[in-house]
Amino acid sequence: MFKTVSIPTGPLMVNTYIAWYEGQGEDTPCVVVDPANSGKVMRFLNEHGLSCRAILLTHGHFDHIMGVAKLREATGARVYINKLDANAMKDDGASLAKMVGLRVDPSKVDVFVGDGMEFTEAGIAFRAIHTPGHTKGGVCYIVESERVIFSGDTLFRLSYGRTDLDGGNAGELYESLMYRLFTLQGDYRVLPGHDAETTLDFERQNNPCIHNGIME
């Protein structure tokens, strides 16, 4: 059975997701999405007999990446991020950490995620779609077999990512929502970077971007 758990981490309480297939015994492989605190993630992994094989990053803002370096060091997991946001892994200005007086331990990137890229980690088949607007390198990760989207800060329940920060663009985010996500066939669970889980059908009908567009 496919399992997902959300753990709030970091100063902005990002939704860090851990995903795996049950029934594989000790050291069951898993993936971690957007870890902002390595300690909280490692405690969960150790308590549940999970082994992190990959760290998937939806974008490069500090509140989504603060735990990456230590988690990668502890587990040897591969780090995935879009190339347009990759500089954030070594530059506190690019990650916006400097703007709020924080610093992020630099981390190596193992895989640059491209639009439409398909890959398998921990036995989970992912497809990535490039969804710029919140950042230039924003990415959503789709698990088609389970009808799940890890949407990062592109799509929230009844909301969407802000576009007034460096690299944000309201027009690009509107296109990402309307023409990259909402045009997917059928319904999906949407697991966003902040706040509550939602579904794609619910957001197609109710998200304010449908009627109001997106303002800078």
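At the start of helix H1, a side-chain oxygen of Asn37 comes to within 3.0 Å of the backbone nitrogen of Gly39; helices are DSSP runs of H or I with at least four residues, strands are runs of E with at least two, and both are numbered from the N terminus. The model is predicted, so that local features need pLDDT of at least 70 and side-chain atom pairs count only at pLDDT 80 or more, whereas totals for chains, interfaces and linings use all residues. Residues are numbered from 1 along each chain as its sequence is written, and side-chain values use heavy atoms, with hydrogens and water left out.

Helix H1 comprises residues 38-48, and its buried residues are Ser38, Val41, Phe44 and Leu45 (buried, under 20% relative accessible area; exposed, over 50%; partly exposed, in between; 1.4 Å probe, protein chains only). These residues lie on the same side of H1, because they cover an arc of only 135° around the axis, the arc being that of the directions from the helix axis to the C-beta atoms. The face turned away from the buried side carries the exposed residues Arg43, Asn46 and Glu47. The cover over the buried residues of H1 includes strands S1 (2-9), S2 (14-21), S3 (28-33) and S4 (50-56), together with helix H3 (68-75). Just after H1, Gly49 adopts a positive phi of about 65°.

Pockets were identified on a 1 Å grid over the protein atoms alone, as open sets of points where a 1.4 Å probe fits, with protein on both sides within 12 Å along at least five of seven lines; lining residues have an atom within 4 Å of a point. Grid points are joined across faces, edges and corners, and a volume is the space filled by probe spheres set on the points. The largest pocket has a volume of about 250 Å³. Of its 16 lining residues, Leu12, Asp63, His134, Arg162 and Leu165 lie nearest the centre. This lining has eight nonpolar, five polar and three charged residues. The second largest pocket has a volume of about 200 Å³, and among the residues that line it are His61, Asp85, Lys136 and Asp166. Its lining divides into four nonpolar, five polar and three charged residues. In this classification, Ala, Val, Leu, Ile, Met, Phe, Trp, Tyr, Cys and Pro are nonpolar, Asp, Glu, Lys and Arg are charged, and the others, Gly among them, are polar.

Ala125 belongs to strand S8 (residues 124-130) and counts as partly exposed, at 42% relative accessibility. Not counting residues up to four places away in sequence, Ala125 touches Phe119, Thr120, Ile142, Val143 and Glu144 (contact, heavy atoms within 4.5 Å).

Key
A polar contact is a pair of N or O atoms within 3.5 Å; within protein, one must be able to donate a hydrogen and the other to accept it, and residues adjacent in sequence count only if both atoms are side-chain atoms.
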